[in-house]
Amino acid sequence: MTTTRQDAWTQDEDLLLAEVVLRHIREGGTQLGAFEEVGRTLSRTAAACGFRWNSYVRKQYKTAIELAKKQRKELKKQAHSEVSTYEHVEAEPQSQGAVNNQELTLKDVIQFLGEYEKQENQLHNIINENKTLTIQVDRLQEQIEELEADKKTLESNIQLIEEDYKALIEIMERARKMVVLQEDERSKKVKFQMDRNGNLERVEK
């Protein structure tokens, strides 16, 4: 089973996408067909190729697209001229020949309609997949914004905790100094007592 890629596009892949799409435009094909061809080559979905073309690559090839459309018109004119000449030469006055030509035309029309319906369904699928991708991108953007807000809140809380910690350290340092001072004061206190002769004498602790 082939794994569908979802990594970032490279310049070579963008170039391949542009070449295939321009070729399909020149030859009268559809962009959907081009997206499917590129998707098979790069192991990506046709929807991903279409999204990449419409959102980025197409803007880089505006001149080439116009040129490809002109070439397509020229090829159509040339093909139409050749078909008209062929029909004029091969046309027969017999009614049987006219019936055969009519049957061939109907077959072509039916085949064309079938292909058109298939491409239309595929196009709808691509549009739906693009919508899904857009929704996913929007959700990811919202998650990023929420994470940014949470990050700011955490940074603010960390700053408050650091300030409280510094204040606590200062309080503890002051308390320690007070204890030391009290001990010093106690050590400095001297007691006296009366001796047998009625004189005061110093008593060391």
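What share of the contacts between residues at least 6 apart in sequence join residues at least 24 apart? In this predicted model, the figure for the protein chain is 58%.

## Overall layout

The protein chain has 205 residues, and 15% of them count as buried. Its secondary structure comes to five helices and two strands. In sequence order the pattern is α-α-α-α-α-β-β.

The accessible surface of the protein chain is about 17200 Å². Carbon and sulfur atoms account for 54% of that surface.

## Confidence

Mean pLDDT for the protein chain is 80. A score of at least 70 is reached by 81% of the residues. Among the elements, helix 1 has the highest mean pLDDT, at 96. Strand 2, residues 200-203, has the lowest, at 67.

Residues 91-102 stay under 50 in pLDDT. For this stretch the model has zero contacts beyond four places in sequence. Where pLDDT is low, predicted coordinates should not be read in detail.

## The nonpolar core

The largest nonpolar core holds 20 residues. L17, V21, F35, V38, C49 and W53 have the most contacts inside this core. At least two core residues come from each of helix 1 (11-26), helix 2 (31-42), helix 3 (46-60) and helix 4 (62-90). Helix 1 gives the largest share, six residues. In soluble globular proteins, nonpolar side chains tend to be buried together.

Leaving aside neighbours within four places in sequence, W53 contacts L17, A18, V21, Q31, F35, R58 and I65.

## A buried aspartate

Is D14 buried or exposed? D14, in helix 1, counts as buried because its relative accessibility is 10%, against a cut-off of under 20%. Not counting residues up to four places away in sequence, D14 touches W9, R52, Y56 and V57.

## A nonpolar surface patch

Which residues make the nonpolar surface patch of about 430 Å²? V109, F112, L113 and Y116 do. F112 sits in helix 5, which spans residues 95-188. F112 counts as exposed because its relative accessibility is 55%, and the cut-off is over 50%.

Definitions and conventions:
Residues are numbered from 1 along each chain as its sequence is written. Side-chain values use heavy atoms; hydrogens and water are left out. Patches are made of residues with over 30% relative accessible area and no salt bridge: like charges are joined within 9 Å, nonpolar side chains (Val, Leu, Ile, Met, Phe, Trp, Tyr) within 5 Å. Accessible areas come from the Shrake-Rupley method with a 1.4 Å probe; for residues, only the protein chains shown count as cover. A salt bridge is a side-chain nitrogen of Lys or Arg within 4 Å of a carboxyl oxygen of Asp or Glu. Helices (H or I, at least four residues) and strands (E, at least two) are DSSP runs, numbered from the N terminus. Buried means under 20% relative accessible area, exposed over 50%, partly exposed in between (1.4 Å probe, protein chains only). A nonpolar core is a set of buried Ala, Val, Leu, Ile, Met, Phe, Trp, Tyr and Cys residues joined through side-chain atoms within 4.5 Å. Contact means heavy atoms within 4.5 Å. pLDDT is the predictor's confidence in each residue, from 0 to 100.
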